[in-house]
Structures are given as structure tokens and as C-alpha cells.
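Here is a quick tour for anyone meeting this structure for the first time. Have a look at it, then read on.

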Amino acid sequence: MKALVKYGYGKGETELRDVPIPEISDDDILIEVKAAGICGSDIAFDAGGHENLLHPPVILGHEFSGVISKIGKNVKEWKVGDRVVSENTGYICNKCYACSTADYLACPERLGIGYGMDGGFAKYVKIPGEVLQKMPHPLFKIPENVSFEEAAIFDPCCNSYKAVVQESRFYPGEDIAVFGVGPLGLFAVQVGRVAGAANVISIGLSNDSERFEVAKKVGATHTIMADKEDVIQRVKEITNGEGVALVVDCAGVSIVLKQAIEITRNTGQIVKIGYDENPVNFSLDPILDKNISIKGHFGYDYISWKNVIKLTQKGLLDLKSMISHKLPLSKWKEGFDLVKSQKAIKVILYPEDN
């Protein structure tokens, strides 16, 4: 089968290869991939980043959905033909504090399918029996009215759901601001709307005009171009001087954190998703004066998946509008370039037989 393989740690050491279809044991499941989403971390892996997570050579792709093609004889809960989406955990220790509290993505020994072990940018992907036995919910059934393409991007939606709903003290009727109009930012806008925010403020740059249109379609009540407008003043106008109850930082750079602190009301909260390897170059004293809390966020859990799937099934989350491009796996470079140039929101890759 054709598969997109990251064969080394270096930049650009990624190529399409012919590889064997995975063999499964008595405890494993084999999924025939129907759709796979390109994540920003896939771009980072290709560029030589996140070496601590990679185990090359490895098939990339951790956002995928498909149909169960084969099951081992010891597998009882699942059957051939089930439409499923993977939570993409391939290994956990099941001994650490994170595992004992079902926060599996925080397990220090966790291996992710699609970078720690072979993933979904291929025709078939194996779900190891070990994780099926250790985790109560490594797979989820896809509702009949949800497409494989939508299911393939549950992962980032679940990420934003947990950030907005589970990591915060946000109440319906309060105001929320989201920095960044990439997939996580746009999903956070959607979740904020579903959660009952009175105002959902989407903050990006002037070259994000097309993404601002998507933001407005999926729930933003206001948009702010940070390089053209005074973010602080605009938020004060929108919130009648109070500031927002919750800021979700999906951008990451230090200036965003500084602005986030300024626009957050007293006793408000910032949930930080975005990364920036550079040091913060300003005082954090305002978070003390305003009694603001800052929460670092990563990933999702069972609650995130269960609720996002149900919200999508009920038509309350719009995943279709998030998919901007669909390409065969052989055009993966084009897909990666679309994401890097920010011309795409979510790109779906389809596996190929030849």
C-alpha cells in the first residue's frame, strides 16, 4: 500500500513509499482508512520539529477515520464493517498519575498513532490490542449522518472543546475572545457559540479575511484584525468596558498573551493552546492585580470526544465548513503547502490503492 513515511528526523525527510499492509495479532484491529486530515503538527514533523514525539521511520497521520477491515479473534467489542474514528493513542503505561485519572494524552510514555507509531496517511492502519485493552475508549463509532471527512477532523474539534468547556469556568451569557483563526481557533469559536457565549470575538490579522468569513459563519459575533485595529479598545467597546470572561489563545506569540491579559476582565481566565518557544518579554504582574488565571491546555479526553460527536450528530457543530480542500494521498505535498501558506483550513487526504 502507499503510505506517507517520515523516514528521518531531519527537515523534508518525508516521502510516499510502498509499504506492507499491517499484520494484526489476535488482539488488534485493522482499519481501512477512508479520510485523513492534515494537522499542523504533521507540517512540523516534516520540517524536523517535535523530535521528542517522533519514532522514524513512521507513517504520519493522526487525524483519520475509516471502517474496521479485520479484527483479532480476541476482540469482542468491535466488528468488521463498523465505521470508526480513532482517539489516536497507540500506547500508554497505565501506571502514571495521568493514566490513573484517564488523562491519557499526558502520559509521559504515550505513543501517538501517526508519529510514535504508524498512522493514517495510508490505506490501512493498525490499532494495537494493548491500547484496546488498557483504554476504555480508544475508538468511537461514527454516527450514520456524519461523513468520514467530518469524523477525520473530530480530533482538533475535541481539542478546542476541552479548552473552552472543560478547562475554563466560562458560563453561558459571558463573553469570549479567541486569538487565531486556524482550525483550533475556528473550532473554539464554534464551541464558544454552542456553549452560550453572548459575544464571540475572533481575533486575527488582515490577511485572514477569508478565514474571518468562516469564523462569522460558524459563530463569531465580531472579528478584529489585530494589525489594523486596536484590539484592546475594540474589545472594551464590544464588552462595554468590562473585558471578556475567557480568552482562548490559539496563536501563541508573546504579544498575544500580553493582549489577552489586557482584555480579560478581573477574575477572568486565559486558556493557552498556542506555542511560542521565545521567552515572554513583559511583566506578568497584571495577572495578579486582576486575579486572572492562565491554564495551559493540551489535547482532549473521553468527555471531549463523546460530546463533540453528539453535537456534530445533532447538527450543532459545523465541521463541513472547516474542510477547505480534498486531495489524494499522492498530492500530500500540495496539501502540506496549502496548510503552510494558510490558504487552507483543513485538508483531507484520501488513501490510494496504487
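## Two spots in the backbone

Let's start with Asn94, which sits in the loop between strand E7 (89-91) and helix H2 (97-100). Keep in mind that this is a predicted model. Asn94 isn't a glycine, yet its phi is positive, at about 65 degrees. For background, most residues other than glycine have a negative phi, and most peptide bonds are trans.

You'll find Pro57 in the loop that runs between helix H1 (40-46) and strand E4.

## The three-stranded sheet

E4 also belongs to an open sheet of three strands, ordered E2-E1-E4, with antiparallel pairing. Strand E2 (14-18) and strand E4 (58-59) are the edges; each has a single partner strand, so one side of each has no neighbour in the sheet.

How many bridges join strand E1 to E4? There are two, and E1 (residues 2-6) runs antiparallel to E4. If you want a place to look, Val5 stands opposite Ile59 in E4.

## The six-stranded sheet

Another open sheet has six strands, in the order E13-E12-E11-E14-E15-E16, and here the pairing is parallel. The edge places go to strand E13 (222-225) and strand E16 (293-296), each paired with a single strand, so one side of each is left without a neighbour in the sheet. Going from one strand to the next, the twist averages 20 degrees.

Take the E13 end as an example. Strand E12 (residues 199-204) pairs with E13 in the parallel sense, over four bridges. Ser202 is the residue that stands opposite Thr223 in E13. As a general point, strands of a sheet pair through backbone hydrogen bonds, either parallel or antiparallel.

## Where two helices cross

Two packed helices are described by the angle between their axes and the distance between the axes. For helix H5 (residues 154-166) and helix H11 (residues 302-313), the axes come within 9 Å and cross at roughly 110 degrees. That makes H5 roughly perpendicular to H11, because angles of 65 to 115 degrees count that way.

Which residues in H5 meet H11? They are Phe154, Asp155, Cys157, Cys158, Tyr161, Lys162 and Gln166. On the H11 side, the residues they meet include Trp305, Val308, Ile309 and Leu311. Sorted by class, this contact has nine nonpolar, four polar and two charged residues.

## A cavity inside

How many cavities of 30 Å³ or more does the count give? It comes to one, and the largest cavity has a volume of about 30 Å³.

Its lining is made up of Val33, Ala36, Gly120, Phe121, Ala122, Leu329, Leu349, Tyr350 and Pro351. Strand E3 (29-37) and strand E18 (346-350) each supply at least two residues of that lining. By class, the lining has eight nonpolar residues, one polar and no charged.

How values were computed. Residues are numbered from 1 along each chain as its sequence is written. This is a predicted model: local features need pLDDT of at least 70, side-chain atom pairs count only at pLDDT 80 or more; totals for chains, interfaces and linings use all residues. Side-chain values use heavy atoms; hydrogens and water are left out. On a 1 Å grid over the protein atoms alone, a cavity is a set of points where a 1.4 Å probe fits but cannot get out, and a pocket is an open set with protein on both sides within 12 Å along at least five of seven lines; lining residues have an atom within 4 Å of a point. Grid points are joined across faces, edges and corners, and a volume is the space filled by probe spheres set on the points. Ala, Val, Leu, Ile, Met, Phe, Trp, Tyr, Cys and Pro count as nonpolar, Asp, Glu, Lys and Arg as charged, and the others, Gly among them, as polar. Two strands pair if DSSP finds at least two bridges between them. Axes are lines fitted to C-alpha atoms, for helices over the stretch in contact, and angles run from 0 to 180 degrees between N-to-C directions. Angles under 35 degrees count as roughly parallel, over 145 as roughly antiparallel, 65 to 115 as roughly perpendicular and the rest as oblique. Contact means heavy atoms within 4.5 Å.
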